[in-house]
Amino acid sequence: MEAKQYIGEGWKHAILIIGAIVVMLPFYMMVSMSLKSQQEIQSISGGLIGAQETQTFPVCVKTGYSEETCTMKPYQYNYWFAFEKAPIPRYLMNGVIVTLSIFIIQVLVALPCAYALAKLRFYGREFVFSMVLFCLLIPVHGIALPLYVMLAQAGLVDTYSALILPWTISVFGIFLMRQFFMTVPDELIDAARMDGMGEYAIVWKVMLPTAIPALLAFAIFSVVAHWNDYFWPRMVITGNRDLFTPPLGIREFRGGIDSDEFGPMMASIVTVTVPLIVAFIIAQKRFIEGITLTGMK
Amino acid sequence: MGTISLKNISKSFGSTQVLNNLNVDINDGEFLTLVGPSGCGKSTLLRIIAGLEQQTSGDVLIDNKNVNRVRASERDLAMVFQSYALYPHLTVRRNLETPLRLRDYNAFERLPLIGNFSPSKKEKTESINQLVNKTSETLKISELLDRKPGQLSGGQRQRVALGRAMVREPVAFLMDEPLSNLDAALRVHMRSELSELHNSLKTTFVYVTHDQAEALTMSSRMAVMIDGNLLQLDTPQEVYDNPSSLSVAQFVGSPKINIFKGTSDSSGTVSFLNVNLKRKSSESNTDLHIGIRPEHLEITNESNENTFNGTVAYRENLGSDIFFHVNIEDGSNKIIVRGLPQFTHQISNGSSVNIKRVSDKALLFNQAGMRVQFTNA
């Protein structure tokens, strides 16, 4: 009986391990390629980190650096050259500015909306909510062109506003928070009203703290989506490299005369991905701890 | 001062009428209980007093001022909720401080960090601290001040909820079934504590409950509501002894009052089963309901024209009393009789018993359920 159980568990784990490998493999390739030399990448040799032989890199020399400067180990070269060739810190900062601005404004809009839709009684509430649901069905790409035209008319192309404004109202955020607020007991809100809070104070001082777990879930969706977004920045940032977000920055390593520089390219991708993974791990811990509503009953 | 007057209050949700033209005057310092079965509108009425719900028509007056258009936060009332509704993310101390901070600090002083630069804030903070400390000592929750509500037991949360209502020293307390989440022993204990609290605060309490025992034990007056109507508003003793209608009589008292079907003849003599009442009914020649409480019936060895016979179906031993559920001979009725253990302990299920009534205790109701008085006798 016990042996059978172990076999059953073993199968489950075997399947999960295969799944994990499939998901992890691209990350493994990315990290591995960011450490190896061009020859090793192209000949698919060298295992995880390659031989790490000190060598002189021709593309580097072609770019105009002295041979002495261009002689180093592959992992050093890849990361050094990635930062040398593109202003990656600038791209990362742009990424932070854009994703945080989007997230903060999304919360400022979504929380009061969700509160009104979940807890206030007013004429037309169901209609408004069905509109929210309806908007969930509209694909971003479908309205990209009209949005672009509007931003262009307003003279906002090639600005931070163009990156931020279209995403400030998140119907998904409104929907998610509304569903969570439905579970908050009405009595808590009534108690806050009796204590003398206004409706906005209730949103920020009572609803927001109880909604931290849901808000974190939303933060993960929102930040990941906009940090990784390539489509929209590619549309509205046409020339100004100072406004490039990380995914646009990675594109710098593709094409051109010195094409196929996979090492530095992967190094830049690692740099761009790591902040997100770290943020996710931190959030995940809080996410699981959560703030429960055990104080209620 | 804390008088509350409700004048012609009606409330409907859509086409459903929840409250029907209610008039209640609550005196200063009174402990008034709104009692009734679930769905009778008592909580809605409390919420209308609080300002959390808007009445469809009628006026609410607090200290003789019309507050129809005054928001809940400005009515200076405090409310204790069934689920306690403590802020789960704040410590007990902050929970108690919240209503005071909102009342005493101005908008600038409530701002984080820069609010501290306001010169008057320090003084206000001190007075808030004093009030919180005083209240927590009264309620014996001083050692809980740094905990979060999630770390407290039900009884402790109850106290904190009371404390949050008390710190502000409001004109009246509104309580919406505050004891119903506690276990039976604690509930009985809290009843006496609430009564003591009321005596020491001398503030108006409006207390909603579906438990008639809470209403009988704590209130100075109780208002019995059924189906959105106020049926009777009087002292607990008066409501118990002199219910105005059959519904009130059946709702108040545990176990329930026994109802017998009877008739009155042309002279007003009331008879049911084989028994005639001595007193005469003011309504003659009609069918009546005769209500007799379990403690006004007793099991006896006599058998005469004043007794009737039945079979014990179930024996409910509470230690101090034994309640016998008795099937009456003609099969029409199942009644409950109280017996004292020392006289009735040998009676078991299935035994046949004679039942005698205590005279002058019967209550008469007509077919519409309204009370019928006896003639002067």
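A residue counts as buried here if 20 or more other C-beta atoms lie within 10 Å of its own. Keep that cut-off in mind as you click through this predicted model.

**Stop one: helix α6 of chain A.** Select residues 125-136 of chain A, which form helix α6. Is this helix buried or in the open? Of the 12 residues of α6(A), zero are buried, so the helix lies largely in the open.

**Stop two: where the chains meet.** Now show both chains and pick out the contacts between them. On one side you will find 20 residues of chain A, and on the other 22 residues of chain B. Which elements of chain A give two or more residues to this side? They are α10 (186-195) and α11 (199-210), so colour those two helices of chain A. The greatest share comes from α10(A), with seven residues. Next, colour the chain A side by residue class: 10 of its residues are nonpolar, five are polar and five are charged.

**Stop three: chain B as a whole.** The C-alpha atoms of chain B fill a box of roughly 90 × 45 × 35 Å along the principal axes. Switch to a cartoon view, and you can look for nine helices and 21 strands in chain B. Colouring by burial comes next: of the 377 residues in chain B, 38% are buried. Among contacts between residues at least 6 apart in sequence, 65% join residues at least 24 apart.

Methods:
Residues are numbered from 1 along each chain as its sequence is written. Chains are lettered from A and ligands numbered from 1 in the order in which they are written. This is a predicted model: local features need pLDDT of at least 70, side-chain atom pairs count only at pLDDT 80 or more; totals for chains, interfaces and linings use all residues. Two residues are in contact if their C-beta atoms, placed from the backbone, lie within 7 Å. Helices (H or I, at least four residues) and strands (E, at least two) are DSSP runs, numbered from the N terminus. Ala, Val, Leu, Ile, Met, Phe, Trp, Tyr, Cys and Pro count as nonpolar, Asp, Glu, Lys and Arg as charged, and the others, Gly among them, as polar. The expected span of a helix is 1.5 Å times one less than its number of residues.
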